Amino acid sequence: MLNQDAHLSEDVFADDVRQAPTRDGFGTGVVEAGKANANVVVLCADLKESTRAEEFEKVFPGRFIEMGVAEQNMATVGSGMAAAGKIPFIASYAMFNPGRNYEQIRTTVALNRVPVKVCGMHAGVSVGPDGATHQMLEDIALMRVIPGMTVIAPGDAEEARKAVIAAASTDGPVYLRFGRAATPIFTTKETPFQIGKALMLWSSDAPKIAILSTGSQSHAALATARALAASGTESLVLHVPTIKPLDEAAVLDAAKRAGRVLTVEEHQAAGGFGSAIAEFLGEQHPVPVRRLGIRDQFGQSGSPEELLRHYKLDALHIQEAALSLARIY
Amino acid sequence: MALTDEQVRTLGKQAEAIRETIITMLVAAGSGHTAGPLGMADIFTAFYFHILAHDPKKPDSEERDRLILSNGHTCPVRYATMAHAGYFPVAECLTLRKFGSRLQGHPERLRLPGLETTSGPLGEGLSQAAGIAYAFRMDGKKQRVYCVMSDGEQEEGNIWEAVLFAGKNKLSNLTAVMDRNNIQIDGMTEDVMPLEPIADKYRAFNWHVLEVDGHNMNELVQAVDEAKAIYEKPTLIIAHTIPGKGVPEIEFDYRWHGKPPSKEEGKRFLKELRTMHGSVSHEYA
């Protein structure tokens, strides 16, 4: 059943559930962060509309810095501004930020330990028609292996808003991952969010499988749990927006209760969220783990729905994978 | 304002002492870069002993000017100059590149107070300096931002992104100094990847450009003064230097870019420096 303490939206299972892209949450969140702290600045690499950075520009034109198509410079100028006391949010597509400017982020932001907030938009295959060149599927892997980097993949636009505000008041570098396509808003203003904390969405007394998901896939994971329950398979769904630092206590508890774990992410199955879970459980509490993600492939053009179906990341495939894992052992 | 003869002599002596420390620390380290640091000794002396507003006892002071070293591999010159300026004991220079040392092989801001950035990967310092300069201007701060960079790293695309950005934003509080020694690891810059006409390139990107003899204290100091008077543009000072300056065996030889002197070479080079190239019969140290 739904976890009442999560205060999820009432229409969470409705066919016409309210939807918005998580990048919208960046736009609203960074304006709020800017109001709370005059040191917040936004740097953008010629994508202010599609990153929603223009929301910040409208309110704080003097604190918005247009970098042109130059992501390496955006990261390093951001590093310098942070050294001078600013809290820079650097925004572009995840493919270029942190894809293009990885080493700049590693050296001048992370090793240098300055509070630059790297915002990667249009992550995952759900970018859609733009195709493989613009569908970033390796960013979680790239960012989570950098010492001291916090990595957050918000589940919906509302949680994205909270994550941006939280990132602004966190010391040190943060990577925030956002999507292009509109996805269900399953959390509400009342839903708790804290960096480093996972959120139980669905729970049951004797779960046979724990579904751990990150980003907007968590809504599909939730739909899966409901469908499984209807067919007599109990499960739990743990939404893990902060991939690093991992909420180890919550992950361990979920694994212990269910005894088998399915992870879901719109990212390469190698190196990403599922790998983080498998690494942790492998050392602390080995249980069978299956990872849903892209299997060593690039994306392609198509609609978000077509692509999520093709790469087996829609609710139907999550359900199939959950059932087969629940039955095997 | 021009330096007095006395000031020029004092700064010159200081630079020679820094060169000796550079040789000594590189011999002790057993690895590291020699030619660049020796060639930049005069530039760093001019900054730490004349140009910069700074206080070695308060390395975090808000009011300090910022000196960004972009080509981090030349850090022996920065470490040696900082030690001579009083940031830490000169003896600590012997820990360069050793386990547990604050003097990492490439400089890390978090490890040593007084460093402004972590650097080494080339082409990133100018952007960071531009970011600091931009933030200072936002906040109405009057401190100057300096970036010392190499000529070889002009081959990095990131540099030209920074050059565009600083030109667009007319960052007149930013002054870059290019150590134009014409060498890089694989050979002469004009063979590896020609940079000329480098001054024209910067001018075309809306920078004010000056060229000086990088071993002439007066020219260095006056160029920085001129940069302060340019209100609408960032300034690039191209400092023509001799790689390995002070040790004739090293001078102009690109093979000395990335290796340290052996113990025997170190002895010979120190004697060279301490006898003022044989003009006095006894070493003064």
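Chain A is split by its domain assignment into domain 1 (4-16 + 192-328) and domain 2 (20-184), with bounds that come from an automatic or database domain assignment. This is a predicted model, in which local features need pLDDT of at least 70 and side-chain atom pairs count only at pLDDT 80 or more, while totals for chains, interfaces and linings use all residues. Residues are numbered from 1 along each chain as its sequence is written, and chains are lettered from A and ligands numbered from 1 in the order in which they are written.

## Two domains in chain A

Taken over C-alpha atoms, the centres of domain 1 and domain 2 of chain A are 24 Å apart. Across the boundary, 31 residues of domain 1 of chain A are in contact with 32 residues of domain 2 of chain A; a contact requires C-beta atoms, placed from the backbone, to lie within 7 Å. On the domain 1 side, α7 (217-230), β12 (242-244), β13 (261-268), α9 (273-284) and α10 (304-310) of chain A each supply at least two residues. Helices (H or I, at least four residues) and strands (E, at least two) are DSSP runs, numbered from the N terminus. That side of domain 1 of chain A divides into 13 nonpolar, 16 polar and two charged residues. Here Ala, Val, Leu, Ile, Met, Phe, Trp, Tyr, Cys and Pro count as nonpolar, Asp, Glu, Lys and Arg as charged, and the others, Gly among them, as polar.

## The sheet and its helices

Chain A has an open, mixed sheet of seven strands in the order β3-β2-β4-β5-β7-β6-β12; strands pair if DSSP finds at least two bridges between them. The edges are β3 (64-66) and β12 of chain A, each with a single partner strand, so one side of each has no neighbour in the sheet. On average, neighbouring strands are turned by 20 degrees against each other, direction ignored.

V151(A) has K244(A) as its bridge partner in β12(A). The peptide bond from K244(A) to P245(A) is cis, with omega near -5 degrees, and P245(A) lies in the loop between β12 and α8 (248-258) of chain A.

Helix α1 (residues 22-36) of chain A lies across β2 (40-44), β4 (87-93) and β5 of chain A, running at about 145 degrees to β2(A). α3(A) lies across β2 and β4 of chain A, at about 170 degrees to β4(A). Axes are lines fitted to C-alpha atoms, for helices over the stretch in contact, and angles run from 0 to 180 degrees between N-to-C directions.

## Where the chains meet

What encloses helix α4 of chain A? Eight of the 10 residues of α4 (residues 102-111) of chain A are buried, so this helix is largely enclosed by the rest of the structure. A residue is buried if 20 or more other C-beta atoms lie within 10 Å of its own, exposed if 12 or fewer, and partly exposed in between. The buried residues of α4(A) pack against α3 (71-83) and β5 (117-121) of chain A together with α5 of chain B.

In total, 23 residues of chain B are in contact with 22 residues of chain A. On the chain B side, α5 (125-138) and α6 (157-168) give two or more residues, and α5(B) has the largest share, nine residues. This side of chain B divides into 11 nonpolar, seven polar and five charged residues.

## Inside chain B

Helix α1 (residues 5-29) and helix α10 (residues 263-274) of chain B have axes that come within 9 Å and cross at roughly 170 degrees. They are therefore roughly antiparallel, the term for angles over 145 degrees. T34(B), in the loop between α1 and α2 (35-39) of chain B, is buried, with 28 other C-beta atoms within 10 Å.

## Positive phi values

Most residues other than glycine have a negative phi. Two exceptions are tabulated here.

| Residue | Phi | Other C-beta atoms within 10 Å |
|---|---|---|
| D296(A) | near 55 degrees | 8, exposed |
| N182(B) | about 65 degrees | 20, buried |

Technical notes: Angles under 35 degrees count as roughly parallel, over 145 as roughly antiparallel, 65 to 115 as roughly perpendicular and the rest as oblique. Two residues are in contact if their C-beta atoms, placed from the backbone, lie within 7 Å.
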